[in-house]
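Please read the following briefing alongside the sequence and the model.

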Amino acid sequence: MKKPVTDFRTPWSGIRRHHLHNAVPFAQAQEEILAILEGKVVVGHSIYNDFEVLNMDHPSHMVRDTSTTRHLQHLAGFPHGRRSSLKLLANKLLNRRIQVRAGRRGHCSVEDALAALDLYKLVQGAWEQEMERRLGDEPTVHPMDHYMQDEFWPDEVLTDGSRKPVREAKRLDGTKCTENP
């Protein structure tokens, strides 16, 4: 069921009304996203929000949400059960300042995605061992084999095929967003 957009959540999404004027229709975007993510481990921070907006149920054993794992909380020295922001975790564990100039322009999705992936990599071994114990006899997924291929990352985010951001990464409004080369 199609619903009107009532809140663009611009401080987080960077999206404004004018961005939707010539946008891909929701059903098409949803279909393309589902096809891209099929069979993939999805790494992100608070990605349950994204799945909800997309009306999508991704298998829980194929989701690595850095906002909910106890491994990162423990590594950061935070109390058990605390949910920490991506900004705080990136600063504490990666020594990386993100979302510094977001303000009214919104977060940089590329900067956020790279931070979540790098946080995941810090605890990948322990996380995957835990997943194997939980799954028991079910086939295990090895996320290193399932990272999205570079073809899905914007060209301006890649340097020589690496996932290291370059300064040209931009928000929807064209402003630079990635300050950590």
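Leu135 counts as buried at 14% relative accessibility, where buried means under 20% relative accessible area, exposed over 50% and partly exposed in between, for a 1.4 Å probe and protein chains only. Leu135 is found in helix α6, and its C-alpha atom is separated by 7.9 Å from that of His61, a residue 74 positions away along the chain. This is a predicted model, in which local features need pLDDT of at least 70 and side-chain atom pairs count only at pLDDT 80 or more, while totals for chains, interfaces and linings use all residues. Residues are numbered from 1 along each chain as its sequence is written, and side-chain values use heavy atoms, with hydrogens and water left out.

**The chain as a whole**

- The secondary structure of the protein chain comes to six helices and two strands, where helices (H or I, at least four residues) and strands (E, at least two) are DSSP runs numbered from the N terminus.
- Along the sequence these elements follow the pattern α-α-β-α-β-α-α-α.
- Of the 181 residues of the protein chain, 37% count as buried.
- The accessible surface of the protein chain comes to about 11800 Å², and 50% of it belongs to carbon and sulfur atoms; such areas come from the Shrake-Rupley method with a 1.4 Å probe, and for residues only the protein chains shown count as cover.
- Among the contacts in the protein chain with a separation of 6 or more, 48% are between residues 24 or more positions apart, a contact being heavy atoms within 4.5 Å.

**The second largest pocket**

- The second largest pocket has a volume of about 260 Å³, a volume being the space filled by probe spheres set on grid points that are joined across faces, edges and corners.
- On a 1 Å grid over the protein atoms alone, a pocket is an open set of points where a 1.4 Å probe fits, with protein on both sides within 12 Å along at least five of seven lines, and lining residues have an atom within 4 Å of a point.
- The lining of this pocket includes Ser60, His61, Val63 and Asp65, together with Thr68, Thr69, Arg70 and His71, and also Trp127, Glu130, Met131 and Arg134.
- At least two lining residues come from each of β2 (63-65), α4 (70-76) and α6 (109-135), and α6 gives the most, with four residues.
- By residue class, the lining divides into three nonpolar, five polar and four charged, where Ala, Val, Leu, Ile, Met, Phe, Trp, Tyr, Cys and Pro count as nonpolar, Asp, Glu, Lys and Arg as charged, and the others, Gly among them, as polar.
- Glu130, found in helix α6, counts as buried at 11% relative accessibility, and it touches Arg70 and His71 when residues up to four places away in sequence are not counted.

- The structure holds one aromatic pair.
- The rings of Tyr120 and Trp127 have their centres 5.5 Å apart and their planes at 55°, so the pair is tilted; rings of Phe, Tyr and Trp (its six-membered ring) pair if their centres lie within 6.5 Å, with planes under 30 degrees apart counting as stacked, over 60 as edge-to-face and the rest as tilted.
- Tyr120 is buried, with a relative accessible area of 0%, and Trp127 also counts as buried, at 6% relative accessibility.
- Lys121 lies in helix α6 and counts as partly exposed at 38% relative accessibility; its C-alpha atom is separated by 10.0 Å from that of Val43, 78 residues away along the chain.

**Loop positions**

- Ile47 has its place in the loop between β1 (42-44) and α3 (48-53) and is buried, with a relative accessible area of 8%.
- Leaving aside residues up to four places away in sequence, Ile47 touches Val42, Val63, Arg64 and Asp65, and its C-alpha atom is separated by 10.0 Å from that of Thr68, 21 residues away along the chain.
- Most residues other than glycine have a negative phi.
- Ser46, found in the loop between β1 and α3, has a phi near 55°, a positive value in a residue other than glycine, and is buried, with a relative accessible area of 17%.
- Asn95, found in the loop between α5 (86-94) and α6, has a positive phi near 55° and counts as exposed at 70% relative accessibility.
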